[in-house]
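This briefing goes through one protein chain by topic, for reading alongside the sequence and the coordinates.

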Amino acid sequence: MMSEQEILSSNPIRLVIHYSGSFWRLLEIKTQLQPMDSDPPLLSTYRALFDARDRERIDPDAIALTAASDECELPLIDLDRLNVAGHDGRDATEKCKREIVEAASQWGFFQVVNHGVSNELIARVREEQVSVFRRPFAKKATEQLLDFAPDSYRWGTPTASSPDQLSWSEAYHIPLTPSAAPGPTEGATRHIVEEFSTAMSRLAHKLAGILAEGLGEGDQGYIKEKCTCNTCYLRLNRYPPCPIRCGAFGLTPHTDSDFLTILHQDHVGGLQLMQGKRWLTVKPNPHALIINIGDLFQAWSNNMYKSVEHRVMSNAKLERFSVAYFLCPSYDTVIQSYAEPAIYRKFSFGEYREQIKEDVRLMGRKIGLTRFLAVQSL
């Protein structure tokens, strides 16, 4: 029997296999064999930040780059129970909804299976994602991908002035606006992105509706009206191996500035979330989708649902891939707490985004919802 490496070496152009537990392992081996001229110049660009840290003898633990973290399994919810018919089905549906509301309230993060996004589609997205990031860095940095926005490709953190502000990663941040007709070689990638985004949108709105119902907001028209395919985003992430001795963030600690996020990550791991003043590492489950509550849902729910700080830790040897769907409203959408007394003042999504940009520019990090408290502490 041929070894995995022999199989890959015999077909270096493309590996086509059925989605299974071994898919991610085989694809990982394949991608590690590829030349790395596609990598962004993270080390040469940001070496001075790490050299300064070493000269000043700053303890890496002090900036939480190497802080120990226990592994956790997020609440796992089977959405198939939402489709069971009959009296037993009603009981199963209500129990499933309660679990979603409880997880959003207590954890701010949970996992779902039988979610309606097929394994085959997820595998196709992953294959296209790897292909996109394998393009030479010079092309990624200078040539527009498909008809996506010219600035959709991002790498590193241009505003970083210290290692704790740097994200060791590259990404395509894709606004899901209607596309122009793609060229003959671009149609497959654009079609898969749109098919995947549509499936993620259906799931996002289903979950948002259940969460709105959990607040007593039976009318779900608000989120459906404000969060359309034209206002949401898809983000393709790649985290290259990081050779820095003390490590680096793949993605710096943050909360998400949306209603909710749906994430698919591979088996490599690295996602961590803050619970009880300690970081917990999320155990990878490539067959599940991760859901996390964003700032807008926390504000709208008057803190019933939690937008939890999370981060990604880089890996010294392995690259990591993930893809995230962000349920966002239009910039003129006004966010107002559903209950009184309101913890947060009214604000528009556009105002919120501008405040984040200003805080990052001046302070190197996002401040978030504390900027919008109804009563500011003196």
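In helix 5, the buried residues are Leu121, Ile122, Ala123, Val125, Arg126, Glu128, Gln129, Val130, Val132 and Phe133. The model is a predicted one, and the chain averages a pLDDT of 85, with 82% of the residues scoring at least 70.

**Confidence**
- Over residues 1-35 the pLDDT stays under 50, and for this stretch the model has 47 contacts beyond four places in sequence.

**Helix 5**
- Helix 5 covers residues 119-133, and because its 15 residues at 1.5 Å a residue should span 21 Å, the distance of 21 Å between its end C-alpha atoms agrees with expectation.

- Five strands form an open sheet in the order 1-10-9-12-7, and their pairing is mixed.
- Strand 1 (70-72) and strand 7 (249-254) are the edge strands, each of which pairs on one side only, and the twist from one strand to the next averages 35 degrees.
- Strand 1 and strand 10 (residues 278-282) run parallel and are joined by three bridges; cysteine 72 stands opposite valine 282 in strand 10.

**Serine 257**
- Serine 257 lies in the loop between strand 7 and strand 8 (260-265), and the residue counts as buried because its relative accessible area is 12%, the cut-off being under 20%.
- The side chains of serine 257 and lysine 366 are joined by a polar contact of 2.8 Å.
- Apart from neighbours within four places in sequence, serine 257 is in contact with Asp295, Leu296, Phe349, Tyr352, Arg353, Ile356 and Lys366.

Terms used:
Residues numbered from 1 in each chain as written. Predicted model: local features only at pLDDT ≥ 70, side-chain atom pairs only at ≥ 80, totals over all residues. Heavy atoms only, no water. Helix = DSSP H or I, 4+ residues; strand = E, 2+ residues; numbered from the N terminus. Expected span 1.5 Å × (residues − 1). Buried < 20%, exposed > 50% of the residue type's maximum accessible area, 1.4 Å probe, protein only. Pairing = 2+ DSSP bridges. Axes fitted to C-alpha atoms, helices over the stretch in contact; angles between N-to-C directions. pLDDT = per-residue confidence, 0-100. Contact = heavy atoms within 4.5 Å. Polar contact = N/O pair within 3.5 Å; in protein donor to acceptor, adjacent residues only side chain to side chain.
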